[in-house]
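Here are a few notes from my pass through the model. Have it open while you read.

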Amino acid sequence: MPHRRVVVTGLGVVCGLGTGAEAVWESLREGRSAIRPIESVDMSRIAFKNGAETQGFDPSAHFTPSQIDHYDRFAQFAVYAAREALRDSGIELTDALRERTGIVAGSSLGGQTTEDAGFLDVYNKGKNRVHPLTIPRTMANAGASQISMELGVTGPAFTLSTACSSSNHSLVQALGLLRAGTIDLAIAGGSEAPFSFGLLKAWEAMRVVAPDTCRPFCKDRRGMVLGEGGAMLVLEPLESAKARGAKIYAELAGGGMTSDAHHITQPSVSGPARAIRIALEDGGIAPDEIGYINAHGTATPGNDPAETRAIRAVFGDHADRIAVSSTKSMHGHALGGAGAIEAVATVLALKDGILPPTANFTEADPECDLDYVPNTAREQRVNAALSDSFAFGGLNAVVSFRAFRG
Amino acid sequence: MPDEIEEKVIATLASVKHIPKEKITLESSLADLGFDSLDTISMLFELESAFQISIPDDKARSIRYVHEIVAGIRTLIAEGSLPAAAAS
């Protein structure tokens, strides 16, 4: 029996580029980068200075003081995005539908900011107590749980944590639950709030963060730049979306997941290439139908040539006809939230026929020889697109989308 | 006779990679010694602690041989490199 087709009917997103899909999409289309000096952390003892912090995301505009007490920043992003996506979908949640709705919310780090502050108290400030909300704020599933509580969703809800692939793994799991008929509606994506002193120090020690900005696929790229934020997508079977006359952004056609079994931080070519192939096959998409790839594109020395080779390995000559951009050049690398933010960019690219660029682009690395849509968005209708995520730990998850022409 | 800096560098590398000091010479390359990217950043971290210096990313990226590490550390010490804030 053919599986149920699944479509995207709601989007919610907050990141450095703005609060809300409309604002974020406008920034992406204009190729504006949100990378600037980090303000929420004292950076005087950190070697890099720049990140992509949300600008103008005021928690008190979205949450009650009591909610703010309970929600770490990563959960605030998750809940904000879920609310926006649900509102955007126009779905009225009935009690029956709430039981048939699933939540899959990815996060790499959970409530890192809360943990950092709490442990500072006992390790360094001589205090003998940690705030009693430290555990409920810190746990990685806090985002999924707070979404469930706020929306009254009572179906399966969980968090996937696969570093930089967390969001894409979440989207693929939600797709599977919908196809299998386990649920009839999903809110899926991910979020991250990585701007805390201890964590930034840990990234500094990895020596992979650029001192300037994020220049994916460029010869003079100097590493990744961290970003914060998250996104959620409302997913539902095509027939129910049609039945209620929903606005359909695109079809979530398939997903491909592989592991490198290679190295805890160095990427491989074969693992990502296999994930891309599986995402195509699973979505019933022929390689030459793909017109756009939202790349993992971290701008680290290792990722960009490996990802380029993986794309070439799968697509052969057709690789030269695919627009490949890394929107991390604009919203930074939001780790467990990255794939969801990039899924929003990919879905809107399919819907509006505008391909977001790779910003901050100078000169291509000779090892990176694809069309990276340098600096300026391109008006181009494409029929199908991919969004890549390749995590530390060699865990790869790629999602494939098809344009929906109702 | 190896001097104190050379000895300390070799001891640090041996400790990070869990190999005998005798396997390491000034002419050894990090690749030959089996250092991957994570071994390398761990080595830089330990060298910063051992010598109370701060090794910038740009300098670190070009290192291939043990003698380059020794030379780089001599330069940083001569320049009076400030230790990373938390190196102590």
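**Notes on a helix pair and a chain contact**

1. This is a predicted model, so to speak of one helix pair in it first: in chain A, helix α12 (residues 270–282) and helix α13 (residues 303–315) have axes that come within 8 Å and cross at roughly 45°. That makes α12(A) and α13(A) oblique to each other, and the crossing of α12(A) past α13(A) is right-handed.

2. Which residues do the meeting? From α12(A) come A:Pro272, A:Ala273, A:Ile276 and A:Arg277, and they meet A:Ala306, A:Glu307, A:Ala310, A:Ala313 and A:Val314 of α13(A). By class, the contact of α12(A) with α13(A) has seven nonpolar residues, no polar ones and two charged.

3. A:Arg277, which sits in helix α12 of chain A, deserves a look of its own. Leaving out residues up to four places away in sequence, A:Arg277 touches A:Gly256 and A:Val314. As for A:Pro211, it is 66 residues from A:Arg277 in sequence, and their C-alpha atoms are 35 Å apart.

4. On to the two chains: eight residues of chain B are in contact with eight residues of chain A. On the chain B side, α2 (37–51) and α3 (57–61) each supply at least two residues, and α2(B) gives the largest share, four residues. That side of chain B comprises five nonpolar, one polar and two charged residues.

Terms used. Residues numbered from 1 in each chain as written. Chains lettered and ligands numbered in written order. Predicted model: local features only at pLDDT ≥ 70, side-chain atom pairs only at ≥ 80, totals over all residues. Contact = placed C-beta atoms within 7 Å. Nonpolar A, V, L, I, M, F, W, Y, C, P; charged D, E, K, R; others polar. Axes fitted to C-alpha atoms, helices over the stretch in contact; angles between N-to-C directions. Parallel < 35°, antiparallel > 145°, perpendicular 65-115°, else oblique. Left-handed = near helix turned anticlockwise from the far one by under 90°.
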